[in-house]
Amino acid sequence: MTELLRMENISKRFGSFYANKNVTLDVQEGEVHTLLGENGAGKSTLMNVLIGLYQPTEGKIFMHGKEVSISSPRVAVEQGIGMVHQHFMLIDDMTGLENIILGDKRHSSPLLQEDADRKAVEEIMDRYGLEIDLDEKVGEMSIGMQQRVEIMKVLFRGADLLILDEPTAVLTDLEVEGLFDIMRSLTAEGKGIVFISHKMREVMRISDRVTVLRRGETVETVRVADTTEQELADLMIGQKFVENTYKKVTDATKEEFVLKDVSFHPEIKHGGLKDVSLTIHKGEILGVAGIDGNGQTPLAEVVTGLVKPDSGKVIGPDGAEIAIFSPEAFIDAGLGNIPEDRNKMGLVGDMTIAENLVLKQTESDQFSLGHGKWLKMGEIHSYAERLREENDIRCTSVDQTARSLSGGNQQKVILARELEGHPKLLVAVYPTRGLDIGATEFIHNQIVAQRDAGCAVLLISADFDEVLKLSDRIVVLFEGQIMGTYSGANPPIKEISLAMAGK
Amino acid sequence: MSEIKKSLSAAMLDRRQAIFLGLGSMGALALAGCGGSGSSSSSSDSSSSSSSSEQSSYKVAMIMSGIITDGGWDQGHYESLKRALDSHPKWEMLEPKENTADADAATAAQTYVDQDVDLIIGNGNQFASDWAEVVADAADSHPKVHFLITNTDPTTEMTDYETLDPVETVLPDFKQTGALAGVVAGLMTKTKSIGFIGGMKLPSTLTKYSAYLAAAQKIDPSIQGQYNFEAGFTDASLGTNLTQQWIASNNVDVMWGDASAVDNGARQALEAAGADTHFDIAQPIDIVGDNQPTVVTSTVTDWMIGQAMDEIESGSFGGGKAITGNMDNGGISLGKFSDKVSKDVQDKINEYADQIKAGTFITDDEVSAIQKSL
Amino acid sequence: MDFMTALPTILKAMTMGAVPILLAALGEVFSERAGLVNIGLEGVMAIGAFVGFAVGKMTGNLWVGLLAGMAAGVLVNMLYAFCTVTLCADQVVTGMAINILAPAIALFGYNLFVGSNSANATGAQMPSIAIPGLSDIPFIGNAFFNQTLLAYLAFILVPLVRYFFKHFRAGLSFRSVGENPHAAETLGINVVRMKYVACIVCGLLTAAGGAFLTLCYTPIYTDGIVMGRGFIALATVIFGRWTALGVLGASLLFGFFDGLNVALQAQFQAAPVMFFKMIPYIFTIIALIFFGSKHAGPKANGQPYFREQR
Amino acid sequence: MAKKALSPEERSEKRMMILTPIVAVLLALIIGAIIIACLGKNPFEGYAAMIQGSLGDGAKLSKTLERACPLIFTGLCAAFAYKCGVFNLGGEGQFIMGGCATATCVLGLGLEGPAGLALGLLAGIVAGAIWGLLPGIMKITRGLNEMITTIMLNYVAMYFMEYIFKNVYSDNGLPKTVAIPQSARLPEVLGTHVGVILAIVLGIFTWYVIFRTSFGFKIRAVGMNPIASKVNGFPVRRLVLLAFVLSGAIAGLGGAVELLGKTPYRLADGFGSGFGFDGVAIALIAQLNPIAAIFVAFFFGVLSTGGTMMQSVIGVPTAIVEIIRGLIIIFAVAGMAAVKLPKIKAYVAARLDARAKKAEVNA
């Protein structure tokens, strides 16, 4: 097979952090080459370098053997490189055809040449079996068809190399089969495909070769025929000797928070919950493992009272079934919540650190006279100073706006606020996403300390290491369902990682 | 390298200096202000020293809510003032105060009181209610200042004034104006249907319309009248639409307006319906001319500012007197006729005008009969 | 009052009243399609009305006046564009600032232009051209087919704008900028340039709507001649569903209620007319309650676009 | 309370935010001066007349205060609503309905004396609150953009007032209501009606509510980040509705005070006209700080009363004052936006580093 793409020791540095360190990747014509790696292994950075969003710190890129420099997405398209993003870049209010021909400059006339373009698109559709209803509004299309529109956008602009970023994460099994047929017909015509995925089952079925990335470096490139799922999983996760720094609790019995057959938009595979039952005991960390987009967000929303489940029961700390689903009710019932999105949900960016720390307690006697009639500013200030020392929040003063803090310090502010009230139940959703090692360490210690103080903790995280490190018990969430429950003390890592991949 | 940085930051206006500069300039203005006030007060000393009777020069100022070119209410006042100035060389006019918001009416008068303006004219009775305090203060602090408020009946509209010494009003005999317009309309209308648009529902407006209809019906009892008293003074499109409605539904062919800009709109509709079959009587200034094809004549109102000036010069001004403008003293008159009014119709009009002047054409109770029905 | 005889005049008032709102609303459709909510229509219309009137009077040629008015409208709207697109200032706040500044400039210009010579106060009017045959149709003939050329152009503009958004490449790019600017950016569409073009078109059309008031509707300019039509145009864009046809329907509907209000005033002379005057404004609120649910409208409407947010 | 030590960027941004309105005012006055000069008049004499006309002596100062009083109310109305992320442009309508309710209550029931005064003020507050509630309900239930509904309600209120002073309580046929009886009027202190003091006290009270109570704290949080407010247990819908009602009540009280406190003590054509938009402008320039709004409203009062004096002394069209007011708002808006822009922030930070480095070099 002739070589289509070669990326030679590509490195990309953000400040002192190496997202990619001399990565080599080559893709032959007609080949499906999978890029495998955990969250944060450097996959998306490498791809952004390839399509010109980032410029590489070192390294060269060759197309058809000729060196090219890709300065912008537009240049990448001209070189025949096209990317299908995980979050579709589509206009819901426009039809399929309009989305495909948007911004295309092949015709000289200012008028749209819809019939000519339609013929060209239909010809590509037939050749690769991409079934799209061109006149339907994208907003009303199924996820699968929307993805096919994204793929058509790239093919229509004459791409030879396609990058599919987590394409199956949003598809039903039937739609995945459809996608694989399309990929096979593309490779049959000599197109090269870079396939990014976590789902081992699919990687084994569709790809020819696999390159495994870990912490920004290429571990190995293997032919699928010569390896097994197990071997790939080990390569991906690496010899995982989990330093078991945290003592695991195995005898927690008192039920603090129970979900019985809870469903929420069960029909949506990647955004709903189907018959979820789980129990969180007092003084225990229940870890919810699973790849992003498999129902973590709806689970967090149900458990914090943001949404009301379609069916099923939720039993609160006092044993009674919770009727009103509102954040206030849950907070009053003793809920601590470290939300998924720090800026949008956790903090009020334009308020000061001190104000964010007392966000929920302005009516308490500690901070105000007469149940909120007069805020004791001095009291609030000294309280904030104390929390600042205790939680090592690095800032010049507590009167600085929360927006001006680094990610890690913002999370510490949220943590300080939530844990100070000694919650009965703590829900932590991706608590250390995007944080540096030091901040992550600090937050893990705080969560474990809270557990030891008798709090029930529900940890929802896509970072498998974190789940393994902290959880006393682990459940795996896949496409909105609980796949299995495992003990945290000596977790069957292989079994869990396969369950995460949908086995 | 550090050189560049030093010069960079030195050249840059340091923030503390920026604030100082800002405050400094405000301070300078304030100083100029005190200086300014000094000068204006000095000028007032000089004028008050000379005795008030044979004063060499007088100042007059006019305050209005509209603008001097609105083709109606305020322009009528402005032209009356111009006429008075031509006949009173000793008087000098200050810049008219246009677009006076209701909330600033009192302040506007006060600024002229401070400059010891001899005569302050307020166009319309809204000033009567706004100036109660200003007049009270001026009565003792600025004896030379006199107020003339037009279209106001002192007995009913100035009840909350402490003193009416420095004040006089002008109350034209609107029955005569209405009658004159009614006569012209009565003679010109073919369809026996006439219309009237008024800016504000004032008693004077009702009197005008009643006299207008009574006079027209005197000439031809079958004449019907359409009216609207709340068209405001600025929305010309309302005038157009109203007139179109009346032409279509009530085939009105003669219109008389008392609503400044709105009358413009009415004339627009009359012109569209046919300039030689639809006529307009303008008010309160004479605008007959080739650029106004539909205007046959105008009922002109003069606000007797000349008489007020004479009284000030002779020292007999004030006491809440209401100068009545009528056909005898030239307060009310008919403008020139356009060529659409035939000679014999003009003679008939002049003949009826003399009867109106003598008060024999229509009786008061005929007018008030109509006024009650509105 | 027999409704039938008054109907043709109401329809005439409808079409006359609808044109300025239609033009301003079409301008706003371009602006909101590119994600810019321009509250300052009222101010831009005032500038268009004054400059159109003044230049029309000075040059004696009303069409030159119209073009000058439109140019002035673009100038004022560029101020809005600079603040909201380049400086990413809050669109509502900037719009309010334009609504306060622009009418003041227009009034100041009017005082200078007219001064004390009242001859300048009334301008000429565009002649209305009756299309032979069509204009004789009873009831609607006079209303729809006996209008000024500018009115005809305004109504012709509706299908053109519709065609533009449907069949022009630039039309497609326009819509994409308002819906999902990041997606548009990845496809090589210059989002910032597109927003500036939207502001220019909005300035042109809105000012033309204002100029119609002084060149075709009434022969004079008065401060406050716009009378809230800018805000009503904003409402018509919402219940016109951001489409050219929808906006045509909505502005005709508003014109009808404006005409009805005057007809009632003309016929029921003794009644408290101020309740009739409320009709157009109350109608706008009621129409918004039924049509104006928040889901419609470009998704990224009203949000400033920060290029760096990859 | 420990001294507020902010990071250099924070402190510079805060100072820039305070500096922007001052610079905006200066720039506007300078451009105004240029325009006056082009008209062949002396701008300094004009501005001197403006200051003299508004602050010259006690009587003028009280006139300026009385002219600024309604602007304080509508300014606070807009500022309070904006603090909660609600664009209430209906200040004028709520102001007018307050006046109408007061007139109906005092004149309708024929009340006299302090009872009439108290009930009149209360009626104003209630009417303003109700006129603010309407757009609130429309926003909460139908998600309607409150900007347009409030503007439409302004016009409805204006015509409703016309009905009140022409048909219901007309002073024998004249287009104005009968005057408020002497005993029910707001008493005067040093020539200025008490309403001014009421306005200033309300401003300080509003500052206290917004910045020193937990209710105000929640209102601010909802204004800055409604999603985080919901997640942290704030009743967002109830707070937004309360913001509408309270801002309407403030404007309604303003209407009542204007009617009961200022000559001619009557509702007439043009009552409250223009105060709504001025209130919005004041709130923006004062960056939603209630106490700053009092000063900006006072400055607008100086502009109005002084502008009339300037117009009569040097004979420039009154529209000059309007243009200066418009320019102030445009510069303030553009300035505030620019200060927040990352490019400008980077530039400022660079300057700070330069200075810090220089300090190191010297040390």
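Two strands are counted as paired if DSSP finds at least two bridges between them. Helices (H or I, at least four residues) and strands (E, at least two) are DSSP runs, numbered from the N terminus. The model shown is predicted: local features need pLDDT of at least 70, side-chain atom pairs count only at pLDDT 80 or more, and totals for chains, interfaces and linings use all residues. Residues are numbered from 1 along each chain as its sequence is written, while chains are lettered from A and ligands numbered from 1 in the order in which they are written.

**View 1. The parallel sheet of chain B.**
Strand 5 (residues 167-170) and strand 11 of chain B pair in the parallel sense over three bridges. Within this pairing, B:Val170 has B:Ile323 of strand 11 as its bridge partner. Both strands belong to an open sheet of six strands in chain B, with the order 2-1-3-4-5-11 and parallel pairing. Strand 2 (91-93) and strand 11 (321-323) of chain B stand at the edges with a single partner strand each, so one side of each is left without a neighbour in the sheet. Neighbouring strands are turned by 25° against each other on average, direction ignored; the axes behind this angle are lines fitted to C-alpha atoms, for helices over the stretch in contact, and angles run from 0 to 180 degrees between N-to-C directions. Strands of a sheet pair through backbone hydrogen bonds, either parallel or antiparallel.

**View 2. Strand 7 of chain A and its two partners.**
Four of the five residues of strand 7 (residues 161-165) of chain A are buried (a residue is buried if 20 or more other C-beta atoms lie within 10 Å of its own, exposed if 12 or fewer, and partly exposed in between, with C-beta atoms placed from the backbone). Strand 6 (residues 81-84) of chain A pairs with strand 7 in the parallel sense over four bridges. Strand 8 (residues 192-196) of chain A is also paired with strand 7 in the parallel sense, over five bridges. A:Leu161 of strand 7 stands opposite A:Ile81 and also opposite A:Gly192 in strand 8.

**View 3. Domains 2 and 3 of chain A.**
Chain A is assigned domain 1 (3-237), domain 2 (240-334 + 423-503) and domain 3 (351-421), with bounds that come from an automatic or database domain assignment. The centres of domain 2 and domain 3 of chain A, taken over C-alpha atoms, are separated by 27 Å. Their contact takes 12 residues from domain 2 and 10 residues from domain 3 (two residues are in contact if their C-beta atoms, placed from the backbone, lie within 7 Å). Helix 15 (residues 437-452) of chain A gives five residues, the largest share of the side of domain 2 that touches domain 3. This side of domain 2 has eight nonpolar, three polar and one charged residue (Ala, Val, Leu, Ile, Met, Phe, Trp, Tyr, Cys and Pro count as nonpolar, Asp, Glu, Lys and Arg as charged, and the others, Gly among them, as polar).

**View 4. The contact between chains A and D.**
Here 32 residues of chain A are in contact with 21 residues of chain D. Helix 10 (327-332), helix 11 (342-346), strand 17 (374-375) and helix 13 (377-390) of chain A each supply at least two residues of the side of chain A that touches chain D. By class, that side of chain A consists of 12 nonpolar, 13 polar and seven charged residues.

**View 5. The surroundings of A:Glu340.**
A:Glu340 is placed in the loop between strand 15 (335-338) and helix 11 of chain A. The residue is buried, with 21 other C-beta atoms within 10 Å. Not counting residues up to four places away in sequence, A:Glu340 touches A:Thr297, A:Ala300, A:Met345, A:Val429 and A:Tyr430.

Most residues other than glycine have a negative phi, and most peptide bonds are trans. B:Ser260, in the loop between strand 8 (254-258) and helix 11 (261-272) of chain B, has a positive phi near 40° and is buried, with 27 other C-beta atoms within 10 Å. B:Met304, in the loop between strand 10 and helix 12 (305-314) of chain B, has a positive phi near 50°. The peptide bond from B:Gln283 to B:Pro284 is cis, with omega near -5°. In chain D, the peptide bond from D:Thr263 to D:Pro264 is cis, with omega near 5°.
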